[in-house]
Amino acid sequence: ILDFGGVLVTMPHDSPSARRLAAEVGIAPDRLTPEILGSDDWERALVGEIDAEELDRRLHARFGLPWEAGQPNLILRWFADETLSHELLDLAASLRRPPHFQVAVLSNAATDLEQQILHDKLNILHRFDLVVNSARVGVRKPDPAIYHLTLERLGVAPHEAIFVDDMPVNVAAAAALGIHAIHFQNQRQAVDAIRRALSTPQDTLTA
C-alpha cells in the first residue's frame, strides 16, 4: 500500500515549476506548501467537501489570479516537474506477477487523483489493483478508518499488509493497527525495506 505524493512522486520545493508558480503569485517557493497545502480549502478538498475544480477556483482567488473553467490546474502546474519513483513502480509490477500480491495507492488527495493525475497525466493508474482516495471516501490519513477501509477492500488482515508513507504521523497510525509500516526516505531505502518485509514470516511482519 503506497502513498502517492512524497512516495510515488517526489519533487524538491525549489523545482523550476515551483519557482515559476511562486514568482507568478509573488511568494517564495518554500512558501507554496504552507500557503496551498496548509489552507482550509485544501483540507476540505481532502475529504471531498469541495471537488478539485472548486479547489482550483479558490486557490486562484486566494492568489489574485483569474480563473476560467478548463484552464490548467494550479496544483498540477506547481508539480509539473515532479519525479516518478520508477524503482517503486518496477517493484510493484514485479509483485503483481506470481505470487500475485496486490498493490494499492492510499492517498490524501483531491477528487482529480484517479483520472486527471494517475490516468491522464502519469498513465500509471493501470498499475494498481486499488486506489483509495481520501476525497472519495470522506476520511483521510491518519484516521484509522481509512486504513481499515483499505484493508477491507483488499481483503487482507493488518499483519498481511505493508504500507509506505513519507509522513511519520501516517506511518505511526498504520503501525498502531498492526500494519507493517515503512517511513519513506528515498526509493532505494523503501524498496529494500519492502523486500525485507516480504521475506519476513507473517506472524512477525509487524515487529
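Let us start with one side chain: Glu35 has a relative accessibility of 22%, which puts it in the partly exposed group. Keep in mind as you look around that this is a predicted model.

Which residue forms a salt bridge with Glu35? The partner is Arg62, and the closest N and O atoms of the two are 3.4 Å apart. This pair links distant parts of the chain, for Arg62 sits in helix α4 (residues 52-62) and Glu35 in helix α2 (residues 32-37), 27 residues apart. Arg62 is partly exposed too, with 41% relative accessibility.

Side chains of opposite charge can pair when their charged atoms come close. In this model, the count of salt bridges comes to 16. One of them joins Glu24 to Arg77, with 2.3 Å between the closest N and O atoms. Here again distant parts of the chain are linked: Glu24 belongs to helix α1 (residues 16-25) and Arg77 to helix α5 (residues 74-78), 53 residues apart.

Now find Arg188 and Glu87, whose side chains form a salt bridge with an N to O distance of 2.3 Å. Because Arg188 lies in helix α11 (residues 187-198) and Glu87 in helix α6 (residues 86-96), this pair ties together parts that are 101 residues apart in sequence. Arg188 is partly exposed at 42% relative accessible area, and Glu87 is partly exposed at 32%. There is also a network of salt bridges, which links Asp41, Glu54, Arg57 and Arg58.

## Strands β3 and β4

Next, turn to the strands. Strand β3 (residues 104-107) pairs with β4 in the parallel sense, over four bridges. If you look for Val105, you will find Val131 of β4 standing opposite.

Strand β4 (residues 130-133) is covered on both faces. Leu130 and Val132 are buried on one side, while Val131 and Asn133 are buried on the other.

## The largest pocket

How big is the largest pocket? Its volume is about 930 Å³. The largest pocket is lined by 37 residues, and the closest to its centre are Gly5, Leu37, Trp42, Phe79 and Asn108. Several elements give two or more residues to this lining, namely β1 (9-10), α2, α3 (40-46), α4, α5, α7 and α10 (168-176). Sorted by type, the lining of the largest pocket has 20 nonpolar, nine polar and eight charged residues.

## The second largest pocket

The second largest pocket has a volume of about 490 Å³. It is lined by 21 residues, with Phe101, Gln102, Glu160, Ile162 and Leu198 the closest to its centre. Which elements each supply at least two residues of this lining? They are α6, β5 (162-165) and α11. The most comes from α6, which gives four residues. The lining of the second largest pocket is made up of 17 nonpolar residues, three polar and one charged.

## Details in the loops

Most residues other than glycine have a negative phi, and most peptide bonds are trans. Where does this model depart from that pattern? Asn123 is not a glycine, yet its phi is positive, at about 55 degrees. You can find Asn123 in the loop between α7 and β4. There is also a cis peptide bond between Lys141 and Pro142, with omega about 10 degrees. Pro142 has its place in the loop between α8 (134-137) and α9 (144-154).

Finally, visit Arg31, in the loop between α1 and α2. With 39% relative accessibility, Arg31 counts as partly exposed. How far apart are Arg31 and Ala18 in space? From C-alpha to C-alpha the distance is 9.9 Å, and in sequence the two are 13 residues apart.

Technical notes. Residues numbered from 1 in each chain as written. Predicted model: local features only at pLDDT ≥ 70, side-chain atom pairs only at ≥ 80, totals over all residues. Heavy atoms only, no water. Salt bridge = Lys/Arg side-chain N within 4 Å of Asp/Glu carboxyl O. Buried < 20%, exposed > 50% of the residue type's maximum accessible area, 1.4 Å probe, protein only. Pairing = 2+ DSSP bridges. 1 Å grid on protein atoms, 1.4 Å probe; cavity = no way out; pocket = protein on both sides within 12 Å on 5 of 7 lines; lining within 4 Å. Points joined across faces, edges and corners; volume = space filled by probe spheres on them. Nonpolar A, V, L, I, M, F, W, Y, C, P; charged D, E, K, R; others polar.
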